[in-house]
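Subject: Structure for your review

Dear colleague,

Please find below the structure I would like to hand over to you. My notes on what was found in it follow directly after.

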Amino acid sequence: MIDLRSDTVTRPSQAMRQAMAGAEVGDDVYGDDPSVNQLEQEAAVMSGKESALFLPTGTQANLVALLSHCQRGEEYIVGQKAHNYMFEAGGAAVLGSIQPQPIDAAPDGTLPLDLVASVIKPDDIHFAQTRLLCLENTHNGKALPLDYLQQAWAFTRTKKLALHVDGARIFNAAVAMNVPLSTLTQYCDTLTICLSKGLGAPVGSLLCGSADYIKRARRWRKMTGGGMRQAGILAQGALYALHHNVKRLREDHENAQWLAQQLGDMGIEIMEPGAQTNMLFIRLPVNEANQLGPWMKQRGVLINAGPVTRLVTHLDVSREDLQRVVDLWGEFKSLISVRSQNGQNASRGIYEG
């Protein structure tokens, strides 16, 4: 199957599997797993932070990040459609009694700082205390501009807020902007990195921050069930991903741009700004969207089709695969066109054999 639903579907390569099979391991809860320790040290260096923590999932990494920043009854400001507000089952509110204050993001994925300022609560017993601003980079495939990150950092210093970045795909942002990861992450207190999306590891995310912060986070990881034992088998997959699969993200971006061009030439509406990284969004008529997903699946292509359809490129999708998708899409559009024409003829009493 050619799977364009998400980059979460990536599978470990044979070389990654071999690295995992040969992993040196220990008990990570005791701090004795050398592969996990190496992963955390390398992640800290890459992100320019003092320390890092390996967690099983991105959802848990973001939850632990919020629990380590905020106390019960405090608040974080977040995008209305951000992953750690909308798609993580309300964990911060349910498990941490942390109040989210969602706001609408701008078209480029940024949270307008004047809007952020307007929802910061005054120091009054009637309100939750605002402690944290959360950004998402990339957001729907859009890399947040570097000047915005600088402004957001300065803003949070002035407002005495911490700044956390859900960086599930932050390496995509760094590659798209052609800068080291630390160029982006110097403008945040903490960040998460997902290893099981475009980087191709089977499991795992990282939380990076100061040494004191990660010490708190390690306790929260244990409390939320994320303390693992011989986790070095997973950490070696993550290390392989960091060593071999970061630069190659550019191929995914180029493939997404190529696909956008091909579909656009076919008359399909590509939503702005097109493919900045490994995602593009298209608009489809409802009747086409309802038919497209099942039709493609029958022919070996998986797409979450809808009026707004997201297509995601990744290391398990080649340019040849995408050419197959384009050819099938052209066939589908021709079929839809014929059906539409026959329907119009039938409504006029004209029938074609």
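Although S97 is not a glycine, its phi is positive, near 55°. Please bear in mind that this is a predicted model.

N137 and T138 are joined by a cis peptide bond, with omega about 5°. T138 belongs to the loop between β5 (129-136) and α7 (146-159). A cis bond also runs from E272 to P273, where omega is near 5°; P273 is part of the loop between β9 (269-270) and β10.

Turning to the overall organisation, the domain assignment of the protein gives domain 1, covering 11-245, and domain 2, covering 248-345. Taken over C-alpha atoms, the centres of domain 1 and domain 2 are separated by 31 Å. In the contact between the two domains, domain 1 takes part with 17 residues and domain 2 with 14.

The largest pocket lies between these domains, because domain 1 (11-245) and domain 2 (248-345) both give residues to its lining. The volume of the largest pocket is about 1000 Å³. Its lining comprises 42 residues, and those nearest the centre of the pocket are K81, F87, N140, F281 and R310. By class, the lining of the largest pocket consists of 14 nonpolar, 17 polar and eleven charged residues. Among the secondary-structure elements, helices α3 (58-69) and α4 (83-86) each supply at least two residues of this lining, as do strands β7 (190-194), β10 (279-283) and β12 (308-312).

Finally, I draw your attention to one helix pair. The axes of helix α8 (residues 170-177) and helix α12 (residues 249-265) come within 9 Å and cross at roughly 75°. On the side of α8, the contact is made by F171, N172, V175 and A176, and on the side of α12 by L249, R250 and H253. The residues of this contact of α8 with α12 comprise four nonpolar, two polar and one charged.

I would be grateful for your comments.

With kind regards

Definitions and conventions
Residues numbered from 1 in each chain as written. Predicted model: local features only at pLDDT ≥ 70, side-chain atom pairs only at ≥ 80, totals over all residues. Heavy atoms only, no water. 1 Å grid on protein atoms, 1.4 Å probe; cavity = no way out; pocket = protein on both sides within 12 Å on 5 of 7 lines; lining within 4 Å. Points joined across faces, edges and corners; volume = space filled by probe spheres on them. Helix = DSSP H or I, 4+ residues; strand = E, 2+ residues; numbered from the N terminus. Nonpolar A, V, L, I, M, F, W, Y, C, P; charged D, E, K, R; others polar. Domains from an automatic or database assignment. Axes fitted to C-alpha atoms, helices over the stretch in contact; angles between N-to-C directions. Contact = heavy atoms within 4.5 Å.
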